[in-house]
Protein chains: 2
Amino acid sequence: ADSLSKRLVLAGDAWYGVAHGCTRKLGMKICGFLQKNNSLDEKSRMVGAFKESAKNQMSCDNSERFTRAETDFSNLFARDLLPAKNGEEPTIQFLLEVVEILTNYVRKTFDRSTKVLDFHHPHQLLEGMEGFNLELSDQPESLEQILVDCRDTLKYGVRTGHPRFFNQLSSGLDIIGLAGEWLTSTANTNMFTYEIAPVFVLMEQLTLKKMREIIGWTNGDGDGLFSPGGAISNMYSVMVARYKYFPEVKTKGMSAAPRLVLFTSEHSHYSIKKAGAVLGFGKENVILLKTDERGRVIPADLEAKIIDAKQKGYVPLFVNATAGTTVYGAFDPINDIADICEKYNLWLHVDGAWGGGLLMSRKHRHKLSGIERANSVTWNPHKMMGVPLQCSAILVREKGILQGCNSMCAGYLFQPDKQYDVTYDTGDKAIQCGRHVDIFKFWLMWKAKGTIGFEQHIDRCLELSEYLYNKIKNREGYEMVFEGQPQHTNVCFWYIPPSLRGMPHGDKRREKLHMVAPKIKAMMMECGTTMVGYQPQGDKVNFFRMVVSNHAVTKSDIDFLIDEIERLGHDL
Amino acid sequence: ADSLSKRLVLAGDAWYGVAHGCTRKLGMKICGFLQKNNSLDEKSRMVGAFKESAKNQMSCDNSERFTRAETDFSNLFARDLLPAKNGEEPTIQFLLEVVEILTNYVRKTFDRSTKVLDFHHPHQLLEGMEGFNLELSDQPESLEQILVDCRDTLKYGVRTGHPRFFNQLSSGLDIIGLAGEWLTSTANTNMFTYEIAPVFVLMEQLTLKKMREIIGWTNGDGDGLFSPGGAISNMYSVMVARYKYFPEVKTKGMSAAPRLVLFTSEHSHYSIKKAGAVLGFGKENVILLKTDERGRVIPADLEAKIIDAKQKGYVPLFVNATAGTTVYGAFDPINDIADICEKYNLWLHVDGAWGGGLLMSRKHRHKLSGIERANSVTWNPHKMMGVPLQCSAILVREKGILQGCNSMCAGYLFQPDKQYDVTYDTGDKAIQCGRHVDIFKFWLMWKAKGTIGFEQHIDRCLELSEYLYNKIKNREGYEMVFEGQPQHTNVCFWYIPPSLRGMPHGDKRREKLHMVAPKIKAMMMECGTTMVGYQPQGDKVNFFRMVVSNHAVTKSDIDFLIDEIERLGHDL
């Protein structure tokens, strides 16, 4: 109980900034409703939970500070909210209180004086931090406690929109996208039919067409869907390829096809291999291609491996070219790969989950040159384009094939005798039945920024990573993982602490260097000042992978990261 | 432009209700900030877009009405929001304006005098309704236009939370769940690692454990995940079953296994068949089981088909028992099926996507008796438990198998040398890489309602459907699709218009009756008064399937539906 009151004081403080004006928020709202709905019936809403606060607030009070007690959430429960009788007022008040918490969080997210995270170990959170109890119980909690739970959830989380959060390919908090998500959850509908999502279904259709135009497919023709992430989008590409060449697998299973093999680079995302395992190809039939020192597929290796597989009696089906690898940010040479795919009649997929965004930039889109020759493309606006999670598109050049591959014609859902044009229903194209509305936030951001706004965002992120690259490429204590300017925003480097700088190359140095990034990362997280990813790759020991996709990042944040790495790593 | 101003007048009206009190919202907010942050630097925030409004509002003004012009969103663009310099004020104002739109929508959702939808055909929406332009452009739109876009998006959508929306298994708008979704999108993170979603990962773990306890697995042991919908959850069950019996398929593909067959009822959800197609079994190897007249699997038919498959050289692998079928709401006899699965050593999955919620009710959970014997369970809180979309769990009794099945050990994401206990990272269990946070809204609802609140919700929905059943079972002009009280909230019936009542049974009547539900449904949608699903099933022509999962529904809404069907269908 003690820690509860402690946190409620903090909550009061949050209110202060907003409400310490000339009136109390709650009072104002009730005044407003009364003036609008001055029937007896409406007035009777005042009776009950809100009586106390209403009594005090029927007049504008210049001097009184808002204090938490007046909101009276301690006696309100979920059952008092809509659709409860007289539930409208508590509902609006509760939602506004939540919004207060959220807007405070948004403000702090962009404030460099706040931490990126307040790290705790799982056992600490499970034990209950200052009364933050994660356990579920039989009896309801008051709305006051629910609000405290909301604050605590944010308090112990990670601010992925913070200008110094560099940990994932997806970062940043776009305000328009956020508004779009709030609206999406309020609309609370499902993409499977036009019937219950008419606007969203059309938005998806128009946006996917625009994306196909940008890819360069004639007239933007083709098909597509937003799916729950890049891994699923990549899985769709393999499924569609299989259906194109061996449609009988849908009915008869993999035993109706010869031994099929897929190709992807050793630097590609693990989801291609996962798709191989899930779909029944087997992960050893996903053949990994050699890359050059920059992480780009060597086309000759693809051709050699195709020939080899054929000689062994396998049937090559599918090639994935990555546009923007996860670690190096490398772009495979799509045109060279497309030549080989044409020669051997293979499906070409481009995994542009990370790099697809560069298509929006006149300056950088040449890195995906040849993408218009792909049969399918994965492109995640939730990564480089800063759209909130999740927003991933699978785009297919041939119209109808997605439907052919996945349709089951469920009569109870997709009735052909509806009064509207049922070709707008999307459910039969998907492997899901219900499908979350991922389009609206993206559509709204596109409206708000214009194509040109996305271009500026992309160009700016790439400039920032160029700034980082130039800053550290010759700096003492740094080694680049690969030579030359990165193709994407990925800058991969080792920080070499002074104690290792004189050490001869060899196993001992490798072992020590392998520990440096994890140690620095752990300290960063415990300090909460910044977050950046690290990983090994092939025979290379742990190194930092810096990426920029957050529009809040400035050069000062890049400088901060380097200072922080040196501060924390100096004595290792 | 004309229709734009027209809609902005409406917007002004929306503001009126809230702000026509003793001050203006905008003014109040700015006062608050100034008093909190009275440095010169903070004061300079006033300069710029907000100068005009701030100037007018530094004092409390009792008489002045808030009017839209003062918000000045017409000169603001996405680029003026955070992280822009001085972006904090416009950001907060914009978000509050969005919230105003959303809370108005919420209010109207529960207001029976509003329509469920304002139906338009795809071509009408594509042509642009009253200036609502869905096309994307190169240049940005003002925030004023973005707000209009938000209003229009809701205006032309479907109110799935309306008390007279009965169209899907998922309906209703839970306020706590909504708040949870708003917070989730503000936190904008990803479930794959504890590192970036510490609180959500633990909430998921604790909630899944609670669900497993409710299923009845010893100590709540086992594993699970929230997945993007019931179809994917069912797909997981098939994958895990395959991995359990034929782990080599993961590496070598389906050719390493014998010809496997899956069993599910002819009334089951199409996602089992879809999983068969996707995973490489082939949909003809998903064997459909006969049901009784109530849509429940006949266990003897399962055993006969297992024996038959074995005799033909197939290897039975997996049986799906449905707890709550989509159309009839039937519960397969799990114990009888479990006996057969044990006898033949088959994986037993229970698809409780729709019926799983009944486990929360002491009165109704006996319908899932035997579920504790299942190897895996699908359970969608976003259906019967009223959680916002999406929220679907796949639960697995054997610990470790989900990880074994899906892990690819991607070094760049799931580093074993992190400073925390990495067994909390969930990414390697999923077929996705990034995974949306679906847990928080559910966790928050559980906190707010308690287990007991879910029980009350379930019991109430079933009472309402019993009310409907009793109302129409002997009513003139109605025929029940199956006899006896439904097991779930599904009430399936034909409405027989007077013109068909005297007609002898036969093809002609069938043909005519087949058209009745679609015609009534089309008129309902065009009137916008209510929505209810219909479909054929087997040799039964189109009938209505009424379901109740929305906590806003009352008996009066059930009465309304029947009145509306009779009003619209009387002259058919």
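In which loop of chain A does Lys383(A) lie? Select Lys383(A): this residue is placed in the loop between β7 and β8 (392-396) of chain A, where strands are DSSP runs (E, at least two residues) and helices are runs of H or I (at least four residues), numbered from the N terminus.

Before continuing, note that this is a predicted model, in which local features need pLDDT of at least 70 and side-chain atom pairs count only at pLDDT 80 or more, while totals for chains, interfaces and linings use all residues. Residues are numbered from 1 along each chain as its sequence is written, chains are lettered from A and ligands numbered from 1 in the order in which they are written, and side-chain values use heavy atoms, with hydrogens and water left out.

**First stop: Lys383(A)**

An unreviewed UniProt entry lists Lys383(A) under "modified residue: N6-(pyridoxal phosphate)lysine"; UniProt positions follow the numbering used here, feature names are shortened, and annotations may be inferred rather than shown by experiment. Lys383(A) has a relative accessible area of 15% and is buried, a class that covers values under 20%, with exposed over 50% and partly exposed in between (1.4 Å probe, protein chains only). Next, display what surrounds Lys383(A). Leaving aside neighbours within four places in sequence, Lys383(A) is in contact with Leu169(A), Ser170(A), Ala353(A), Trp354(A) and Ser549(A), contact being heavy atoms within 4.5 Å.

A salt bridge is a side-chain nitrogen of Lys or Arg within 4 Å of a carboxyl oxygen of Asp or Glu. The whole structure holds 52 of these over all chains.

Select Glu455(A) and Arg362(A), whose side chains form a salt bridge at 2.5 Å, N to O. Glu455(A) belongs to helix α16 (residues 439-472) of chain A and Arg362(A) to the loop between β6 (347-352) and β7 (376-379) of chain A, so the pair ties together parts that are 93 residues apart in sequence. Glu455(A) is buried at 9% relative accessible area, whereas Arg362(A) is exposed at 65%.

Move to Arg501(A) and Glu476(A), a salt bridge with its closest N and O atoms 3.6 Å apart. Because Arg501(A) lies in helix α17 (residues 498-501) of chain A and Glu476(A) in the loop between α16 and β9 (478-480) of chain A, this pair ties together parts that are 25 residues apart in sequence. Arg501(A) is partly exposed at 33% relative accessibility, and Glu476(A) is exposed at 63%.

Now select Glu195(A), Lys418(A), Asp425(A) and Lys521(B), which are joined into one network by salt bridges that share partners.

Show both chains. How many residues of chain B are in contact with chain A? The contact involves 167 residues of chain B and 167 residues of chain A. About 15,200 Å² is buried between the chains, 67% of it from carbon and sulfur atoms; this is the accessible area (1.4 Å probe) that two parts lose on being put together, summed over both.

Across this interface there are 6 salt bridges. Select Lys252(A) and Glu284(B), which form a salt bridge with the closest N and O atoms 3.5 Å apart. Finally, colour helix α5 (residues 88-109) of chain B, which supplies 14 residues, the largest share of the side of chain B that touches chain A.
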